[in-house]
Amino acid sequence: MAPVTAATATTAVTTKAASGSPYQLDPSQSLRATTSLVKHIKSQSVKKRDSAPKVDLLADAGSDEEDGEGETGKAGAEGVPIWLTLTTKKHIVDQKRLKPGKIPLPHPLNSPTNPNLRVCLITADPQRTYKDILTHPSFPPALASKVQRVIGITKLKAKYKPFENRRQLLSEYDIFLADDRIITSLPQALGKIYYKGGAKRPVPVSLEGRREKAADGVERLKISEGGSKIVKAAPEPAAVAREIERALSCALVHLAPGASTSVKIGYANLHTPEQLRDNIEAVVTGLVEKYVPKQWRGVRAFHVKGPNTMALPIWLADELWEDEADVLEEPKVDTFNKKMGRKKSKKGAVSGGEAVRAIEAPVEDKKRKAIDGDGAEVAEKPKKKKKRKSEGGTEGPDTDVKARKEKLRRLKDEAAKDVDGEVKTSKTKKVKVPA
């Protein structure tokens with residue numbers, strides 16, 4: 001093992017920005033991490049392909065993609081995703097959110113020019129309204145060709161109730177878009193297979209029209225105050241198209257109770273290290289400004305990793321706390337013992353080390369040994385048993401036994417006198433005497 005020199009001992013794991021606030025990413029650090037990670041994933045993909053003599057034709061085509069690898073759906077390392085991991089100093093949310101957040105990416109995960117992209121759109125009832133929107137002349141034809149299926153929530157629950165049908169629907173499409181009004185009811189309708197790995201988890205889109213303004217600029221009254229419900233106009237084809245394109249080009253943020261959150265930022269062969277660096281900067285800005293309560297003060301670290309690789313750090317915080325008030329002074333011994341319910345040690349008491357030695361010492365004649373103040377071992381004298389007093393007032397075990405026997409004999413004689421007409425035989429059998 002090489003000796004540790006002063007240069008290696010002072011080398012930092014990550015580098016900070018040369019100028020400005022320390023609470024920002026260093027682009028060179030992100031580029032080094034993405035370059036090393038992509039190079040490692042490609043080399044591992046080549047080794048795996050060369051070492052595998054046969055292809056498993058019985059393997060599930062969608063299992064790898066659901067688990068986050070997706071190598072069966074895409075060739076080589078193209079299907080290997082790259083994740084950005086955010087570690088915070090405190091929990092961001094208290095409960096799991098079924099509706100994920102969206103962060104726009106400069107280099108989308110799903111290429112808009114990919115002709116093989118298959119999209120399924122799950123809408124609120126009635127579904128005919130949104131089918132007519134896709135066939136409208138103002139809707140982009142290239143985007144309409146990718147949305148190959150439009151299904152309403154009622155039809156989804158009725159037709160795809162069996163597990164086999166839901167699994168078949170999962171394998172037929174690459175991306176699932178869902179109306180944000182029904183996104184929270186889809187886990188019960190689709191099942192855990194859609195939410196297992198997150199690769200095909202439904203992405204929320206807003207398919208509602210704009211809210212109609214009140215006449216003459218009058219503010220709308222609440223329903224409790226005698227007002228009417230909110231009236232929204234019919235959705236426009238251009239607005240629906242923009243919402244679908246935005247959902248396809250965004251990174252999804254799935255928040256859950258914990259201090260770690262992972263966001264997919266790209267794929268190994270579909271994106272270059274420079275493109276991954278740009279996506280990292282966009283995701284970091286969106287996460288810190290929108291989801292972390294105290295922004296950079298609440299961030300502990302950012303890492304970039306693959307499904308089966310180590311996490312490479314790109315930013316690490318200097319402090320492990322958010323505020324100075326979170327740092328507690330070291331409590332005094334007496335205060336700590338009082339809180340823990342411990343009593344203060346008395347003078348001459350045995351210390352911890354001496355007590356351990358006394359316990360480990362061999363015991364002679366089955367008697368415990370105590371330790372005096374000087375450390376010498378002294379055999380503890382056995383305690384004397386107290387003698388019980390009998391009813392007559394005399395002490396001793398013999399007198400106590402005689403008193404109990406006398407009392408028992410007296411009780412038997414009294415019971416025999418109360419029984420009239422019965423005598424005891426020599427065989428302890430009772431015989432009734434005739435009158």
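Buried means under 20% relative accessible area, exposed means over 50%, and partly exposed lies in between (1.4 Å probe, protein chains only). Helices (H or I, at least four residues) and strands (E, at least two) are DSSP runs numbered from the N terminus. The model is predicted: local features need pLDDT of at least 70, side-chain atom pairs count only at pLDDT 80 or more, and totals for chains, interfaces and linings use all residues. Residues are numbered from 1 along each chain as its sequence is written, and side-chain values use heavy atoms, with hydrogens and water left out.

**View A. Strands E4, E3, E5 and E6 form an open parallel sheet**. The order across this four-stranded sheet is E4-E3-E5-E6; two strands pair if DSSP finds at least two bridges between them. Strand E4 (147–152) and strand E6 (203–205) are the edge strands, each pairing on one side only. From one strand to the next the twist averages 25°; axes are lines fitted to C-alpha atoms, for helices over the stretch in contact, and angles run from 0 to 180 degrees between N-to-C directions. Helix H9 (residues 237–248) packs on the sheet and touches E3, E5 and E6, where contact means heavy atoms within 4.5 Å. The direction of H9 makes about 135° with that of E5.

**View B. Strand E5 has both faces covered**. On one side are Ile175, Leu177 and Asp179, on the other Phe176 and Ala178, and all are buried. Five of the five residues of E5 are buried, so the strand is largely enclosed by the rest of the structure. In a regular strand the side chains alternate between the two faces of the sheet. Strand E3 (residues 119–123) runs parallel to strand E5 (residues 175–179) and is joined to it by four bridges. Val119 stands opposite Ile175, and Cys120 has Phe176 as its bridge partner. Cys120 is buried, with a relative accessible area of 0%. Towards E6, E5 has three bridges, again in parallel, with Leu177 opposite Val203.

**View C. Gln148 lies in strand E4**. At 44% relative accessibility, Gln148 counts as partly exposed. Not counting residues up to four places away in sequence, Gln148 touches Leu117, Arg118, Val119 and Tyr173.

**View D. Strands E2 and E7 pair in the antiparallel sense**. Strand E2 (residues 101–104) is joined to E7 over four bridges, and Ile103 stands opposite Ala251. Both faces of strand E7 (residues 250–253) are covered: Cys250 and Leu252 are buried on one side, Ala251 and Val253 on the other. The relative accessible area of Cys250 is 6%. The structure holds zero disulfides, a disulfide being a pair of cysteine sulfur atoms within 2.5 Å.

**View E. Strands E8, E1, E9 and E10 form an open antiparallel sheet**. The order in this sheet of four strands is E8-E1-E9-E10. Strand E8 (260–267) and E10 stand at the edges with a single partner strand each, so one side of each is left without a neighbour in the sheet. Neighbouring strands are turned by 20° against each other on average, direction ignored. Strand E1 (residues 81–88) pairs with E8 over seven bridges, and Trp83 stands opposite Lys264. H2 packs on the sheet, touching E1, E9 and E10, and its direction makes about 165° with that of E10. Helix H10 (residues 273–290) lies across E1, E8, E9 and E10 and runs at about 150° to E8.

**View F. Ala311 sits in the loop between strand E9 (299–305) and strand E10 (312–316)**. Ala311 is partly exposed, with a relative accessible area of 37%. Leaving aside neighbours within four places in sequence, Ala311 is in contact with His303, Val304 and Lys305. Ala311 and Trp83 are 228 residues apart in sequence, yet 9.3 Å apart in space, C-alpha to C-alpha.

**View G. Gln29 is found in helix H2 (residues 27–51)**. Gln29 is buried, at a relative accessible area of 7%. Its side chain is joined to that of Arg32 by a polar contact of 2.6 Å. A polar contact is a pair of N or O atoms within 3.5 Å; within protein, one must be able to donate a hydrogen and the other to accept it, and residues adjacent in sequence count only if both atoms are side-chain atoms.

**View H. Helix H7 (residues 163–172) has Arg166, Leu169 and Leu170 as its buried residues**. They cover an arc of only 100° around the axis, which puts them on the same side of H7. The arc is that of the directions from the helix axis to the C-beta atoms.
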